[in-house]
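Look at the structure below.

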Amino acid sequence: MLETTQSERLGMFTRALSGNIPQETSADTKNKMRVQNLDFYYGTFRAIADVTMDIPEKRITAIIGSSGCGKSTLLRTFNRMGDLVGNTRVRGSVTLDGENIYDRNVDVVLIRRRIGMVFQRPNPFPKSIFDNVAYGPRLLGVGGKALEQIVEQSLRDAALWDEVKDKLHQSGLALSGGQQQRLCVARTIAVKPEVILMDEPCSALDPIATYKIEELMIQLQNEYTIVIVTHNMQQAARVSNLTAFMNMNPERAGVLVEFGPTTQLFTNPTKKETEDYITGRFG
Amino acid sequence: MMLNPSLPKPGAPSLGMSSAHYARRKITNVIMLTLTGAATVLAIVPLIWITAYVTIQGSRFLNIEFFTQLPTPVGVPGGGVINAIVGTGIVVGVACLIAIPIAIVGAFYAADHPNTPLGLAIRFGTDVLSGIPSIVMGIFAYTIIVLPQKRFSAFSAGVALAIIMLPLILRTTEEMLKLVPRNLREGSLALGASNWRTSVQVLLPAALNGVVTGIMLAIARAAGEAAPMLFTAFGSTGLVTDLNESTATLPHTIYIYAMSPFKDWQEKAWAAALVLIALVLGLNILARALTWWRARQMGLNY
């Protein structure tokens, strides 16, 4: 890595990009979510400054950027996970199908049912594999045969069924890290959300498990809108249709530098900052 | 500070340290080690001493009758304390039914809202409550239940013990809930579960081992309380299962028998003390075994 030149590194992304999912622009798809002039404050500290972006339906949108630039914080505003930390404040709006999720009369529980999340570290509940996946549907009152079908289908969709079908009643914590993360994906899709947010879902996984999750994401984008935060630029290049590059402004607030089709962002970035980042001059 | 990576020769003064300083350091170390060791032994001695002494004294007078018979008058041989064993069970059972639900629900609130006025009040209140002498709880239950009802009762004793157990269970549960990794809670909320569902279905099961241990410690503490019983359960020579009747309890029986001038009652006090210790110990072991087994099932071996 020490000796790679800028053109070699760009070539690397181009190879990652080629032969992958269609890279058409978002012109012909509907916007599932819109983020408008979003500011996020921890107390008086502004962690996110004036982010505006449209997230197209049934596409994978990646958010990249250096550590601490607010990628995860931004992602967590999309399903109001940021609310869980005390003393935080949001300005601007995030809409889902035109409805502002920060509206006073919006029920945050219902929002989170429509916008699911997969976390950085696999976090299966200390329950059986079956109960982990059944957790969400049970909240909605599903039981019996229907529940079994949902669990099986979700595990199949998460490419985990064949590995666990004989041990559904063993603890979810007994699985390997990669399997646990796929279990968390299965758990998320069992409630049929419209959007799935993924917060560095592969950062705690080995390359093979990472590959499986990436395959899974490409499968899932036929049905779900996916937003993924990743540290790994090659991963963004491999899986996403659109990429957003975030950086810190001089006040250490996260800003959106550039947002566009992944191919364009990696091969022909319009901003100098983006080019510096993806060619490894900083970050 | 050793700058040289090679080990110093034993006994040799190292860089910048005079041999007198070195010797003094070694002596200080030996003295401190001896002191801490002695303190540890001193701390364990009373436990072993009490347990051994009660076992030796009590086991001499233990027999089947002791667990199955009602007490006999002074001088009449035989007899047991079945009334006190049953009474303790009933009183502690009532206390658990009152204290556990309130304590756990309160702990959820305190763990969830640590810096709100009510959350702070819960924490401060329970800390103060756990410092209040148990005899005060007895007088309290006497004033609010025994006096209006004009009768001593197992129920009033249960209330007194519940107040003793409440802060113990609440604080341990709160601490255990706080130890549950935050990402488990987020995982549940991200699936569209309410705070309440998350608490009951994810946090409580994950914290259950610690919660059960807290409950057991509280039961052990409450089951051994004699002072509040003087004002509430009052004691009885018959087998009582009615919550509105006064009843015998083990600690109270031990108190009465041990204070009596009669040798056979004093012997029974030793035996009753052994039963009480064994009961508490047995409960603890049972709870530990159950939670250990459950943790293994769930792959939760912390």
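## A helix pair in chain B

In this predicted model, α6(B) and α8(B) are roughly antiparallel to each other, because their axes cross at roughly 155° and angles over 145 degrees count as roughly antiparallel. Helix α6 of chain B covers residues 154-179, and helix α8 of chain B covers residues 195-223. Their axes come within 8 Å. The crossing of α6(B) past α8(B) is right-handed.

Which residues make the contact? On α6(B), they include B:Leu161, B:Ile164, B:Met165 and B:Leu168. On α8(B), B:Leu203, B:Ala207, B:Gly210 and B:Val211 are among them. By class, this contact has 15 nonpolar, four polar and one charged residues.

## Where the chains meet

How many residues of chain A are in contact with chain B? There are 22, and they meet 18 residues of chain B. Three elements of chain A each give two or more residues to this side: α3 (108-114), β6 (115-118) and α4 (129-139). The largest share, four residues, comes from α3(A). By class, the side of chain A that touches chain B has 13 nonpolar, five polar and four charged residues.

## Chain A as a whole

Chain A has eleven helices and ten strands. Of its 283 residues, 46% count as buried. Take the contacts in chain A with a separation of 6 or more: residues 24 or more positions apart account for 70% of them.

## Confidence

The model scores ipTM 0.85 and pTM 0.77. For chain B, the mean pLDDT is 89. In that chain, 92% of residues reach 70 or more.

Conventions:
Residues are numbered from 1 along each chain as its sequence is written. Chains are lettered from A and ligands numbered from 1 in the order in which they are written. This is a predicted model: local features need pLDDT of at least 70, side-chain atom pairs count only at pLDDT 80 or more; totals for chains, interfaces and linings use all residues. Two residues are in contact if their C-beta atoms, placed from the backbone, lie within 7 Å. Ala, Val, Leu, Ile, Met, Phe, Trp, Tyr, Cys and Pro count as nonpolar, Asp, Glu, Lys and Arg as charged, and the others, Gly among them, as polar. A residue is buried if 20 or more other C-beta atoms lie within 10 Å of its own, exposed if 12 or fewer, and partly exposed in between; C-beta atoms are placed from the backbone. pLDDT is the predictor's confidence in each residue, from 0 to 100. Axes are lines fitted to C-alpha atoms, for helices over the stretch in contact, and angles run from 0 to 180 degrees between N-to-C directions. Angles under 35 degrees count as roughly parallel, over 145 as roughly antiparallel, 65 to 115 as roughly perpendicular and the rest as oblique. A crossing is left-handed if the near helix is turned anticlockwise from the far one by less than a right angle, and right-handed if clockwise.
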